[in-house]
Amino acid sequence: MKSELEKMIAGELYFSSNPELSSMRHSSREKMHLFNNETDARKRSELLKKWFGKTGENIYIEPTFSLDYGFNIFVGENFYANFNCTILDTCPVTFGNNVMIAPNVSLYTATHPLDPVERNSGWEYGKPITIGNNVWIGGSSVIGPGVTLGDNVVVGMGSVVTKSFPDNVVIAGNPARVIRHIELSDSNS
């Protein structure tokens with residue numbers, strides 16, 4: 001029989017009030033407090049390297065930063081997130097190399113049943129998020145559960161991304177849609 005933690009990570013219905021999960025979230029809140037109050041950027045990066053499931057050597061996140069657990073976040077090399085980034089990591093959130101996240105961006109793996117009785121019972125589930133290499137996510141954008149963004153994607157500010165997109169596109173809007181294809185020879189355009 002799977003534990004609630006195992007069910008959560010697998011994207012299956014799990015009971016969010018489970019004592020083990022509650023304890024893990026409490027521990028993460030303590031780490032968030034330390035991270036968000038640390039003024040030394042090098043020390044903040046070291047905290048992230050110990051906290052996340054995996055990181056590259058070069059990782060930088062501005063405070064304030066919020067998440068559920070931390071161990072479900074996997075970050076490649078040269079990762080940058082600006083102020084007020086939120087990552088709800090009930091399922092894995094994987095970032096490739098050279099990812100830039102503007103201020104006020106949120107990534108949500110967590111979701112809930114549509115049936116109100118089931119939703120009100122405390123059961124929930126999640127869907128993983130995968131962000132490719134060389135991705136730039138514009139300010140105040142939201143990336144929803146189950147989304148995969150390919151390499152070289154640019155997300156316009158204020159976008160709500162509810163479905164996956166392939167490599168080499170600029171997406172924007174609510175819901176986000178392709179507004180341009182990127183030619184790799186494009187520069188400063």
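**Notebook: salt bridges, sheets and a buried serine**

I looked up lysine 7 and found that its relative accessible area is 15%, so lysine 7 is buried (under 20% relative accessible area is buried, over 50% exposed, and partly exposed lies in between, with a 1.4 Å probe and protein chains only). I note that this is a predicted model, in which local features need pLDDT of at least 70 and side-chain atom pairs count only at pLDDT 80 or more, while totals for chains, interfaces and linings use all residues. Residues are numbered from 1 along each chain as its sequence is written, and side-chain values use heavy atoms, with hydrogens and water left out.

**Salt bridges**

I then looked for the partner of lysine 7, which is glutamate 4: the two form a salt bridge whose closest N and O atoms are 2.7 Å apart (a side-chain nitrogen of Lys or Arg within 4 Å of a carboxyl oxygen of Asp or Glu).

Glutamate 46 is partly exposed at 38%, as is lysine 49 at 24%, and a network of salt bridges links Glu46, Lys49 and Glu57. I also recorded the bridge between aspartate 40 and arginine 42, with the closest N and O atoms 4.0 Å apart; here aspartate 40 is partly exposed at 24% relative accessibility, whereas arginine 42 is exposed at 62%.

**Sheets**

I traced an open sheet of 5 strands, with parallel pairing and the order β3-β6-β9-β14-β17 (two strands pair if DSSP finds at least two bridges between them). Its edge strands are β3 (65-67) and β17, each of which pairs on one side only. Strand β14 (residues 142-143) is joined to β17 by 2 bridges and runs parallel to it, with isoleucine 143 having valine 161 as its bridge partner in β17.

An open sheet of 4 strands, again with parallel pairing, has the order β4-β7-β12-β15. Because β4 (73-75) and β15 (148-149) stand at its edges with a single partner strand each, one side of each is left without a neighbour in the sheet. Strand β12 (residues 129-131) runs parallel to β15 and is joined to it by 2 bridges, and isoleucine 131 stands opposite leucine 149 in β15.

**Serine 159**

Which loop holds serine 159? I placed serine 159 between β16 (154-155) and β17 (160-161), where its relative accessible area of 0% makes it buried. Serine 159 touches residues including Ser140, Val142, Ile171 and Ala176, leaving aside those up to four places away in sequence (contact means heavy atoms within 4.5 Å). From serine 159 to valine 142 I noted 6.3 Å, C-alpha to C-alpha, although they are 17 residues apart in sequence.

**Cysteines**

I found 0 disulfides in the structure (a pair of cysteine sulfur atoms within 2.5 Å). Cysteine 85 is in no disulfide, and the nearest cysteine sulfur, that of cysteine 91, is 17 Å away. Cysteine 85 counts as buried at 1% relative accessibility, and cysteine 91 also counts as buried at 1%.
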